[in-house]
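Subject: Structure for your reading, with notes

Dear colleague,

Please find below the structure that I am handing over to you. My notes on what was found in it follow directly after.

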Amino acid sequence: MPSDLVTRWEWHPVLAMGVSVSALGYAAIWWRQEVRSRGELIAWVGGLVAIVIGTSSAIDPLSDERLSIHMVQHELFTFVAAPLLVAGMRPLTLWLLPRLAAPLARWGHALSRPRTAWLIAGGVLWAWHWPPAYDYALAHPTVHDVEHATMLIAYALYWSPLTSFGHAVAALRTDAVRVVYLATGATQSAVLGALLAFSRTPFYEFYVAGPAGADFALRDQQLSGMIMLLSGSVVFVVAAVVTMRGE
Amino acid sequence: MTTDAPSLNATNGAVLRVAIAYLVVGLGTVAVMGLLGVLMRLDHAGMLLVSPDWFYRIMTLHGSGMITGLLFASFGGLAAVISAEVHLSSRALWIGLVLYLTAMMLVVLAIVFGRFAAGWTVLDPLPYQGKTWTESAGVVAYAGYLVTGLAIVVVCGAMLRGTTAARGGLRRALAWEVLFHPKRPSPDVTHPPVLIATVTAIVGLVMVVVGLVYLVPLFLEAAGLVRHVDALFSKNAVLLFGHTMANLCVYVAAGMVYGTLPRYAHRPWKTTWPVAAAWNAIILLIFFPWSHHLYQDFAQPLGLQILGNLGSFAGGFPSFIVTIVGALALVYGAGLEWSPTSILMLLGIWGWAFGGAGALLDAIVPINQVMHNTMWVAAHFHTYNMVGVAAFAWAYLYHITAELSHARERRLDRWAAWLYGIGAVGMVALLFFEGAHSVPRRYATHDAEWQGYARAAIPFVAMMVIALGWLGGEMLARVGPAWRRTRIGPL
């Protein structure tokens with residue numbers, strides 16, 4: 001099975017088209033910038049690669065069998081793709097902003113306000129991990145895709161106040177508030193991870209009813225909680241290293 | 001350092017802000033952990049029933065939270081003191097705070113949700129196989145300890161980088177010109193707080209390496225790559241790391257005293273030869289006393305037992321003779337300005353002296369054989385930490401917030417400081433009595449004949465809660481104005 005992760009890929013035409021358009025469109029906008037940052041280009045491409053790995057590699061089919069793999073998939077969207085896309089977002093935002101209708105720009109600004117973004121990210125994460133919602137999404141592929149898309153968008157919103165590109169987003173201005181934002185954001189996802197990791201009963205009927213059985217489902221759930229708890233902590237620390245400015 | 005040097009200058013506002021954050025977060029943690037301690041004492045008094053499962057979880061949280069809370073509060077205070085003359089990276093300090101918060105989050109989750117209750121005990125099958133917790137909880141708790149180590153590396157690295165850059169090298173930062181050329185006085189000598197920051201940063205970095213020496217095998221064991229980590233190795237390593245960390249707290253906190261007490265005594269605290277010698281000696285001597293915790297381990301080599309006894313005494317002398325006697329000499333006949341800061345700092349000196357004396361007694365082999373597993377040890381480190389380190393840190397937070405916010409001291413503040421002292425001393429005195437009467441430590445349930453000590457301690461605990469409630473409220477009210485003042489700069 002580990003070899004599957006490298007050799008087994010699935011072709012999703014709509015996704016491929018979306019990623020290609022996104023990459024080419026971004027490259028064109030990036031090229032027109034007066035000050036071009038390679039880091040931003042790499043971040044954007046990295047974010048797209050993370051989405052492709054999460055949706056087209058063996059992670060996607062295996063996530064129906066193992067919660068732990070599903071957790072890795074979610075981590076790719078929320079903790080890898082979302083922050084990388086946000087890190088590369090500046091040229092796109094600067095290009096888009098004058099072209100957006102004012103109400104849309106206001107909405108974007110309002111949604112990226114730290115408290116709003118924090119609540120949306122936390123709300124989306126917890127709502128989708130509520131067992132009935134999770135089981136329903138696993139049983140319905142379209143809902144499952146919506147789950148992943150909302151997680152990606154919600155966490156893109158969450159990471160955006162940590163950046164600063166003009167007035168496009170409501171950026172956090174000082175290290176102190178960035179620390180509070182990161183620490184509370186890390187804690188809310190870590191609590192969910194801890195609930196999964198230390199539970200004595202499996203939460204998700206979909207996996208309990210799977211071929212591996214309830215015992216495996218519980219052990220796998222504990223592993224998935226550990227993945228969320230520990231890798232999430234690492235990501236939030238890395239975010240602190242990147243975003244602290246000594247103010 | 002002049003006796004009236006202001007804390008805030010044109011360049012250190014950012015460091016003072018992060019320092020205040022360390023003090024508030026660290027002492028906030030200490031306050032919450034203190035309330036957990038009250039729960040344990042009420043359980044010992046037989047007045048509140050805490051199940052053994054919860055008792056050991058609370059004990060684990062209380063112990064680990066107290067030590068790290070005190071250490072990081074003290075780091076913040078020392079950073080604020082030296083920032084007037086040393087450029088520190090506020091970015092590094094903020095990153096250190098995020099690491100500390102992450103570590104705390106992991107440990108709290110492992111204890112609250114994972115029911116982890118092994119404290120810092122690593123003898124196989126601990127820390128992973130407990131009766132109430134899973135291996136995952138052990139891994140998460142120890143991951144938290146690991147992240148604490150990383151936070152210490154970041155803070156100590158920033159301190160060491162700052163002091164060596166400011167002083168033009170490690171030798172000058174360690175005041176070696178005073179040490180090796182005492183007859184050629186230099187007009188530009190490293191001030192004691194900068195010397196202390198350099199010494200404690202070196203100790204902190206070495207200590208974390210020791211921590212990694214046992215944490216890495218433990219994680220390999222959890223991963224199934226190592227069958228069992230050798231028990232004696234584990235116990236030595238965990239105590240060498242943990243005991244040194246507990247000692248480090250008071251040395252870091254002493255930097256605040258060297259930087260602040262002269263302002264209340266109106267006399268400078270100079271880097272004399274004994275001061276330089278003592279603090280340089282601590283770099284080595286702090287690593288020797290841990291072994292007095294292993295006298296009762298028959299497998300421990302005799303040489304390490306002797307080292308434990310001699311090292312405990314040798315480690316105590318520099319701090320006792322230089323800092324404690326030095327502080328008393330500083331204030332003697334100086335017309336000391338009595339304020340909550342000076343009251344708490346002198347209380348802290350008392351706590352350091354008596355807590356240290358309790359440790360030295362416990363480090364004597366025949367006494368240790370009788371006393372080590374009793375509340376005597378709990379008495380010693382509560383005196384050292386609660387009356388010593390915590391008093392230093394509360395004192396400095398009071399000082400810095402009062403100075404920056406220009407808040408006026410109220411008479412009640414001074415009464416609250418005295419009340420804290422009476423409560424703290426009474427509480428630890430009863431712990432010492434308990435130990436002297438062989439009441440065992442780390443017991444979740446106390447027999448009826450032991451409960452009198454904890455019951456007698458309750459009025460003293462109440463005094464501390466009232467005093468800290470008052471002082472804490474005063475300090476919290478000043479944090480906002482103090483914070484804003486660091487943005488405006490010196491007037």
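B:Leu430 is located in helix α14 of chain B, which runs over residues 411-436. The model is a predicted one, and every value in this message was computed from it. Is B:Leu430 buried or exposed? B:Leu430 has 22 other C-beta atoms within 10 Å; the cut-off for a buried residue is 20 or more, and B:Leu430 is therefore buried. Apart from neighbours within four places in sequence, the contacts of B:Leu430 are B:Tyr453, B:Ala456 and B:Ala457. B:Thr102, by comparison, is 328 residues away from B:Leu430 in sequence, and their C-alpha atoms are 36 Å apart.

B:Ser405 belongs to helix α13 of chain B. With 18 C-beta neighbours inside 10 Å, B:Ser405 counts as partly exposed. Residues up to four places away in sequence being left out, B:Ser405 touches B:Arg478, B:Pro481, B:Ala482 and B:Arg485. Between B:Ser405 and B:Gln129 there are 51 Å from C-alpha to C-alpha, and the two are 276 residues apart in sequence.

Helix α13 of chain B deserves a paragraph of its own. For its 31 residues, a span of 45 Å should result at 1.5 Å a residue, and the 42 Å between the end C-alpha atoms of α13(B) agrees with this. After α13(B) comes B:His406, which has a positive phi near 55°.

How many residues does the largest nonpolar core have? It has 244 residues, and those with the most contacts inside it are B:Leu97 and B:Ala393. Helix α13 of chain B (residues 375-405) provides the largest share of this core, namely 21 residues. If neighbours within four places in sequence are set aside, B:Ala393 is in contact with several residues, among them B:Leu23, B:Leu27, B:Leu70, B:Ala73 and B:Ala253. B:Gly26, B:Ser74 and B:Gly77 are also among the contacts of B:Ala393.

I now turn to chain B as a whole. Its secondary structure consists of 15 helices and 0 strands. Along the principal axes, the C-alpha trace of chain B spans about 60 × 45 × 40 Å. Of the 491 residues in chain B, 59% are buried. Among the contacts in chain B with a separation of 6 or more, 84% join residues 24 or more positions apart.

Chain A can be described in the same terms. Chain A has 13 helices and 0 strands. For its 247 residues, a compact globule would have a radius of gyration near 18 Å; the 19 Å of chain A agrees. The C-alpha atoms of chain A fill a box of roughly 55 × 40 × 30 Å along the principal axes. Buried residues account for 42% of the 247 residues in chain A. Residues 24 or more positions apart make up 75% of the contacts in chain A with a separation of 6 or more.

One helix of chain A is of particular interest. Helix α5 of chain A covers residues 67-87, which is 21 residues, and it reaches 29 Å from its first C-alpha to its last, close to the 30 Å expected at 1.5 Å a residue. Where does α5(A) have a kink? The kink, of about 35°, lies at A:Ala81, shortly before the proline A:Pro83. Since 21 of the 21 residues of α5(A) are buried, this helix is largely enclosed by the rest of the structure.

Finally, the two chains touch each other. The contact takes 26 residues from chain A and 23 residues from chain B. On the side of chain B that touches chain A, α1 (13-44), α3 (90-112) and α4 (135-167) each supply at least two residues. Of the elements on this side, α3(B) gives the most, with 12 residues. By type, the residues of this side of chain B comprise 15 nonpolar, 6 polar and 2 charged.

Yours sincerely

Terms used
Residues are numbered from 1 along each chain as its sequence is written. Chains are lettered from A and ligands numbered from 1 in the order in which they are written. This is a predicted model: local features need pLDDT of at least 70, side-chain atom pairs count only at pLDDT 80 or more; totals for chains, interfaces and linings use all residues. Helices (H or I, at least four residues) and strands (E, at least two) are DSSP runs, numbered from the N terminus. The expected span of a helix is 1.5 Å times one less than its number of residues. The bend at a residue is the angle between axes fitted to the seven residues ending there and the seven starting there. A residue is buried if 20 or more other C-beta atoms lie within 10 Å of its own, exposed if 12 or fewer, and partly exposed in between; C-beta atoms are placed from the backbone. Two residues are in contact if their C-beta atoms, placed from the backbone, lie within 7 Å. Ala, Val, Leu, Ile, Met, Phe, Trp, Tyr, Cys and Pro count as nonpolar, Asp, Glu, Lys and Arg as charged, and the others, Gly among them, as polar. A nonpolar core is a set of buried Ala, Val, Leu, Ile, Met, Phe, Trp, Tyr and Cys residues joined through C-beta atoms within 7 Å. The radius of gyration is taken over C-alpha atoms; the globule rule is 2.2 Å times the number of residues to the power 0.38.
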